[in-house]
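Subject: Handover of a structure, with notes

Dear colleague,

I am passing on the structure below, and my notes on it follow. Please read them with the model open beside you.

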Amino acid sequence: MLSRRAFVEAGAALAALAASRARAAEHANQRAPDGQLRVIIDRSFDEGLAFGAAAERRGAHVDAVDADLGSFWMRTLEPRLRHGPFALAGLTAGAPLFCLELLCRDYGLTTVYRIEHARRPDGGVRHTLTGDPALDGWTERLAAAGAQWAAGAAELATSGAAVPRPTIALEPLDLRAHEHSAQSLFTWMIAPPPVGATLVGAALAATRP
Amino acid sequence: MPNPPPGLSQRDFNTALGRIEEVVGREWVFKSDADVALYRDAYSPLWGESEERFASAAVAPISVEEIRAVVRIANEYRLPLYPISTGRNLTYGGSAPVYSGSVVLDLKRMNRILDVNERDKTCLVEPGVSYFDMYRHLRTNNIRLWIDTADPGWGGLIGNALDRGGGYTGIDYRDHFDAHCGMEVVLANGDLVRLGMGASPQAKTWQLFKYGLGPWLDGIFSQSNFGIVTKMGFWLMEEPEAALQVSVTVPKRRDVVPLLDGLHSLMCAHTIPSQTTVASPIMNGSADPELVRLRTSGGTASDADWDRYTAAQGRPFWSSAFIYYGAQKVIAAQWEHTKDRLASIAGVQFRETASYTFPLSDGQAEAVPDKPRLGIPSLNLFSSRNAPGAQPSEGHLDFSPMIPPRGEELIALADTTGKIYGDLGLIPTFVGGLMFHPRTMICFHAVPTYRNAADNQRTRRLFETLVRTCTDRGWPIYRIHAHFQALGMQMFGFNDGALHRLHETLKDAIDPNGVVSPGRYSIWPKHLRGRA
């Protein structure tokens with residue numbers, strides 16, 4: 001890959017930026033360039049670690065982040081996305097997810113689903129899915145997993161040969177809506193749109209050296 | 001097809017977009033609902049209400065020549081454009097246009113770092129260059145210069161500077177507009193100008209000397225709508241030999257008076273080089289009823305009341321944080337002098353919180369807890385998870401009054417705004433002030449936004465009351481969310497709004513068709529005045 005400086009100096013920018021959104025979407029493999037689904041977990045939480053361990057056992061590439069998503073974005077994720085968009089899944093708190101949702105837009109990725117895991121006063125966890133209605137049964141499976149729900153969520157997120165595509169437009173996560181469950185964690189997937197979809201980010205991503 | 005902006009027929013709108021497609025390519029004009037929704041203000045105080053502002057479409061040019069062509073077409077149809085760079089300035093309006101129906105001119109594709117001159121310590125960038133981009137460029141190329149980053153660091157150098165954002169490092173860098181040197185602008189008529197020394201094509205000093213010859217016009221392109229800035233130069237800070245981060249705490253509420261007097265003197269003398277924060281560990285977001293009573297009393301709680309409460313908490317009332325950059329011997333002398341200057345405050349405590357020698361390895365940079373003070377962009381403001389019982393901090397608007405750096409003013413402001421929050425049944429959010437600028441203090445207050453109309457109506461009432469009351473007390477804002485810009489400009493109404501009249505006189509001269517960001521900072525073109 002050309003460095004940005006080399007790219008600029010070569011004067012190649014304009015010529016290389018003719019890629020269409022369709023081409024960007026075609027390039028948007030469901031999995032990362034090396035064929036793996038990228039998994040991101042928040043290592044601050046036991047649930048995040050359990051999710052990561054389960055995902056790793058299933059062959060996923062797992063990145064652990066902490067409170068500052070910025071370093072991970074700048075050093076790891078954005079450089080990878082510059083090779084083309086791919087699907088991400090993970091278990092984090094709400095704020096990092098909100099950041100990822102906004103940042104990933106520039107690379108043609110949108111949120112497929114979110115599952116909020118809210119701790120109940122009785123110590124249990126309530127699982128609520130937002131997104132593709134076809135995944136509704138997942139929350140029951142997570143409830144059935146009891147205390148092992150994080151590993152169960154990893155299994156669901158990494159199951160199947162193909163990850164789901166975004167089927168409905170989701171607004172960015174509303175952190176205030178979770179005012180009564182500020183301790184919630186979220187399982188989520190952010191992925192490229194279907195091939196040929198018009199999405200600003202996919203087009204803009206094609207311009208980035 | 002999307003709906004046209006008000007006053008523009010669907011046919012003309014379609015024709016204009018079609019012609020723009022011919023300029024930038026069809027794939028760079030975004031018209032679907034899903035695409036346009038991406039420019040929605042995620043923290044809008046009007047979320048879901050009829051007055052919420054939306055774009056009608058978006059266009060992403062790649063070059064100055066494409067922008068010029070788009071602007072010329074926009075003039076033919078009076079098509080309103082709303083330029084954005086990265087568009088992530090959420091607490092001030094994000095990428096949603098001020099005038100609903102505008103076409104967002106998305107400049108993210110123009111993301112080239114055109115020059116970094118290590119010897120001159122300058123750079124020249126396009127609007128799409130983010131703080132992340134520039135930091136990564138400097139690290140990757142082993143260039144021993146620092147950026148001064150906004151916090152959070154996902155914004156762009158040009159957008160943040162034009163909105164007069166601030167950072168944390170040295171005085172020459174952290175006022176981001178003041179740190180720029182040289183600018184290129186596409187005017188609303190499609191003409192292209194370079195400001196400062198850049199107007200002299202052979203000049204070797206475009207990024208070194210700000211003024212050029214004749215009237216200095218750069219300022220009129222900040223917080224305005226007179227043109228589209230396509231290049232800006234910035235001064236960069238030379239990486240120092242070392243840095244020492246410190247904190248100074250004082251125990252009592254009224255101690256902030258001598259503390260701020262001392263800190264201000266030290267900053268004016270350049271003994272303290274960095275942004276200086278003065279915040280209260282006591283005035284936090286806790287719902288403790290006694291604290292809430294004190295905070296919302298409107299100043300009737302005495303210093304003695306506050307000091308009793310503070311003593312029971314076992315914490316100092318005020319804590320100041322700042323950082324020294326430079327040679328270690330010089331830093332040691334600066335720190336000693338600072339302690340001498342503040343030692344007369346009873347109970348003052350001095351603490352060294354972190355020290356660094358440069359360059360940092362990637363691992364060391366990663367481990368820095370307060371990254372923006374070392375010019376490292378961060379998203380740490382979006383903390384991982386809220387503390388038990390704490391209110392979520394996102395989304396919110398920033399209410400940003402400016403006060404003189406005097407302790408009496410800081411206390412009076414806290415009393416005034418605390419009562420306003422309390423009267424609306426809210427817990428005050430104000431914790432302290434930041435000295436981005438050398439002789440004023442910005443006192444950010446988080447004003448919560450929601451995705452329901454009832455709560456947002458209360459938010460808007462709170463925000464408007466804060467603006468009006470604080471202006472009356474002599475503390476107007478330095479920057480304001482797009483929805484409240486008309487209100488903000490009313491607060492600068494000397495001589496029956498002479499400043500606003502001047503702004504609109506300029507608008508009429510520079511952009512008679514009103515195609516660039518109509519309504520931004522309440523500057524409307526003639527045909528929309530009193531109608532938008």
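Which residues have the most contacts inside the largest nonpolar core? They are A:Ala153, B:Ala58, B:Val59 and B:Val103, in a core of 184 residues, where a nonpolar core means a set of buried Ala, Val, Leu, Ile, Met, Phe, Trp, Tyr and Cys residues joined through C-beta atoms within 7 Å. Helix H6 (residues 94–105) of chain A gives the most to this core, namely seven residues. Buried here means that 20 or more other C-beta atoms lie within 10 Å of a residue's own, exposed means 12 or fewer, and partly exposed is in between, with C-beta atoms placed from the backbone. Helices (H or I, at least four residues) and strands (E, at least two) are DSSP runs, numbered from the N terminus.

Before the details, some conventions. This is a predicted model, in which local features need pLDDT of at least 70 and side-chain atom pairs count only at pLDDT 80 or more, while totals for chains, interfaces and linings use all residues. Residues are numbered from 1 along each chain as its sequence is written, and chains are lettered from A and ligands numbered from 1 in the order in which they are written.

Chain A

The mean pLDDT (the predictor's confidence in each residue, from 0 to 100) of chain A is 78, with 74% of its residues at 70 or more. Over residues 1–30 of chain A pLDDT stays under 50, although the model has 58 contacts beyond four places in sequence for that stretch; two residues are in contact if their C-beta atoms, placed from the backbone, lie within 7 Å. Chain A has nine helices and six strands, and 48% of its 209 residues are buried.

A:Ala153 belongs to helix H8(A), where A:Trp149, A:Ala150, A:Gly152, A:Ala154, A:Leu156 and A:Ala157 are buried along with it. Helix H8 (residues 149–157) of chain A is mostly covered, with seven of its nine residues buried, and what covers those buried residues includes helix H4 (46–57), helix H7 (137–145) and strand S4 (110–119) of chain A.

Chain B

B:Ala58 reaches across to the other chain: leaving aside neighbours within four places in sequence, its contacts include A:Val200, as well as B:Phe30, B:Tyr39 and B:Val103. Strand S2 (residues 57–59) of chain B pairs in the parallel sense with S4(B) over three bridges, pairing being counted if DSSP finds at least two bridges between two strands, and B:Val59 stands opposite B:Leu105 in S4(B). Strand S3 (residues 81–84) of chain B also pairs with S4(B) in the parallel sense, over four bridges, and B:Tyr82 stands opposite B:Val104. From strand S4 (residues 103–106) of chain B, B:Val103 and B:Leu105 point one way and B:Val104 and B:Asp106 the other, and all are buried.

Elsewhere in chain B, five strands form an open antiparallel sheet in the order S5-S6-S10-S8-S9, with S5 and strand S9 (192–195) as the edge strands, each pairing on one side only. S5(B) and S6(B) run antiparallel and are joined by four bridges, and B:Ile113 stands opposite B:Val125 in S6(B). The loop between strand S5 (113–117) and strand S6 (122–125) of chain B holds B:Asp120, which counts as partly exposed because it has 17 C-beta neighbours inside 10 Å. Apart from neighbours within four places in sequence, B:Asp120 is in contact with B:Gln207 and B:Leu208.

Best regards
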